[in-house]
Every structure is written in structure tokens, then in C-alpha cells.
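Good morning, and thank you for coming.

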Amino acid sequence: MKTSWRSASLTASAVAVLTLTTACGQESGTSNSSQNVGATAPGSIAGVGAGSGVGSGVGAGVTESPGEAGTDGAGELAVSANAELGKILTDGNGKTLYRFDSDTAEPPKSNCDGDCATAWPPVTADDVTAGDGIDKSLLGEVTRSDGTKQLTVAGWPAYYYAKDASAGDTSGQGVGNKWFALTADGKKAKSGSGSGSSDTDLPGLSVRNDPNLGEIVVDKNGMTVYRFLKDKAWPDPVSNCEGACVEKWPVVAPVATNDTKGVQKKGLMSFTRGDGVKQMTVNCSPIYTFSGDKTPGDINGQGVGGQWYAVAPDGKLVGAPEQ
């Protein structure tokens, strides 16, 4: 690279991890130690069609080629004004750069491989320089599972979106409530900001007082979290939502306990699904969001099919019939 990169190695003290001993006896938290940049990322996330706009594995339905995005390096990064999003980060050709909520910044780690990486081509770390208004100390790199080096911004792996055909396009903004244009400081661009302000990140899981349902759990984007009646929590978490089901009900990725607020800590853990994807639980029950919820505060998934219900802070189903 042609710029001064920040150190890629992070110590264990920089990373908050989940170390609870849970009643269901599964792995807990997001990791058991800090990882240096370059740690191998997991395999591709369960296939979710791009048409559904759902985060993990977006791109299973994308047929177009990502074109030349990322093949020649990003060049000199720039801060570009966008009428809807404010100031966003673009490459030397004016192409928008994005971040993925299922990735992590501390330590930097990409969780977008396979079909996901076809829909969201990683920005290579080669030949990148910082343009005006960009703090080059925030730029870094992470080694992906295929050995290639991907650009990071404030620790967040950077991507293009295959459906952005021209400079200035931002069609990847908000896809699946997991993909967002990057700002120069690595934050998520906020739709409707117009002034360059960015979203204030919520904790990974927190509690919202809904006027209809009372206290319910929401994810870091403020989106309602749900449980599926056909899942199992005891003695081990089991998800029975796979394939087309996951297209409509994206799994909530693992969250560290110190990145939660108001949610019961007992049984707050992650587990590995049958498809190899790691999923978060509340009180050992697998949790999801709903693709039909478009904005924070939506509860369109509540009661769907008599099987899906919002989650209370103690992990119980909200508004479900007595079992």
C-alpha cells in the first residue's frame, strides 16, 4: 500500500468478549480472544437472495458480474457529497464504499465470502492512498479467508456493491438493514442526513418500549428481534429456519455481552447453526430480524403465521398464545 496503515495487531484487552457459562452449554460470545488482523474469516454465510435485501449472504440471487470494481485497487480515496446520505467515502473512480454489519471492526474481520463477495466485492488494500479529508491513520487492511488483503476503514472491511453501475450510485445503502455506505471515519452513512452526519450506533442488542408490545429487544440498527416457535432452546439451541426461511428472517449475528443493554445476561450466547453460520440467542433461544421490517420501530413480523413473535428482555415471546 502507498499510505501509512495503522497497526493491524490488536491486543486482547481491546476486544470485549462474551464469557458467560450458559445453561445450554454451548459456545458463548463472539470469540474467546482478540485476533490479529488477518485472522481467517468463516465460510460464506447462508445463502440469502439479493432480491430479498437481506443481509447475511446477500448475493445468492445476483447474476450480474461485479465488473471492474476492486480489480485495479481503489486508488486515492475521496470524501464525496451525496444529496441523500451527506458525505460518504468513494474510491478514485467515484464508486461508493460500504460496510457490513455482520463484520467486526475490533478485531477487523470480514464475514462476507462466496456469493456474498460476488454481490459485494471487497475493496483491495493495494495501491490505496488517502485523499483530502481522510485520516490515513484510520486506514488499514485485513487478510480474508482466500489470503487477499482487504481495505479497512476504522477497522471495518470495505466493499463495493455490484449493482452500483456508475460513480455516485448508492443502491447498496440499507440493503437488508445490514449494508451501509461508509463515512470517512468508518461510520454508517445515514439516509436522509444530507449533511454528512452518521448513525449513532446502538448496542448490539438493546430494549425498546413499543407502544403496542411493551418492552422488546432490538438489534444495533433498532430493528425488532423475533423468535420462531419451531426452534428449540433446551438442552441446546436449534434453529429450524433454513433456506428460503432465512431469506425472510435473517439470523442475528453474535453479540458480546458488553455490547448489550437491558437484555437478560443468562442464556445470552451464540451457537453454530446446521448450515455453519453462528447465530445469537436470548435465553438460549435463536433470534432473527424480519425482512418485512423496513425501518426501526417496525413490528411487521409480529404474529406472522402464528409462529413468529417479538422477544422480551428475558427472552420470552411477546404476545404469543400460551403453549
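Two strands are said to pair if DSSP finds at least two bridges between them. The strands themselves are DSSP runs of E with at least two residues, numbered from the N terminus. What you see is a predicted model, in which local features need pLDDT of at least 70, side-chain atom pairs count only at pLDDT 80 or more, and totals for chains, interfaces and linings use all residues. Residues are numbered from 1 along each chain as its sequence is written, and side-chain values use heavy atoms, with hydrogens and water left out.

I begin with strands β11 (residues 205-210) and β12 (residues 214-219), which pair in the antiparallel sense over six bridges. Within this pair, Asn209 has Glu215 of β12 as its bridge partner. Three residues form the hairpin that joins β11 to β12.

Next, an open, antiparallel sheet contains three strands in the order β7-β8-β9. Its edge strands, β7 (139-143) and β9 (156-157), each pair on one side only. Strand β8 (residues 149-153) is joined to β7 by five bridges, and Lys149 in β8 is the bridge partner of Thr143.

Finally, I turn to Asn82, found in strand β1 (residues 75-82). Is Asn82 buried or exposed? Its relative accessibility is 15%, so Asn82 counts as buried; the term means under 20% relative accessible area, with exposed over 50% and partly exposed in between, using a 1.4 Å probe and protein chains only. Leaving aside residues up to four places away in sequence, Asn82 touches Ile88, Gly168 and Thr170, where contact means heavy atoms within 4.5 Å.

Definitions and conventions. Helices (H or I, at least four residues) and strands (E, at least two) are DSSP runs, numbered from the N terminus.
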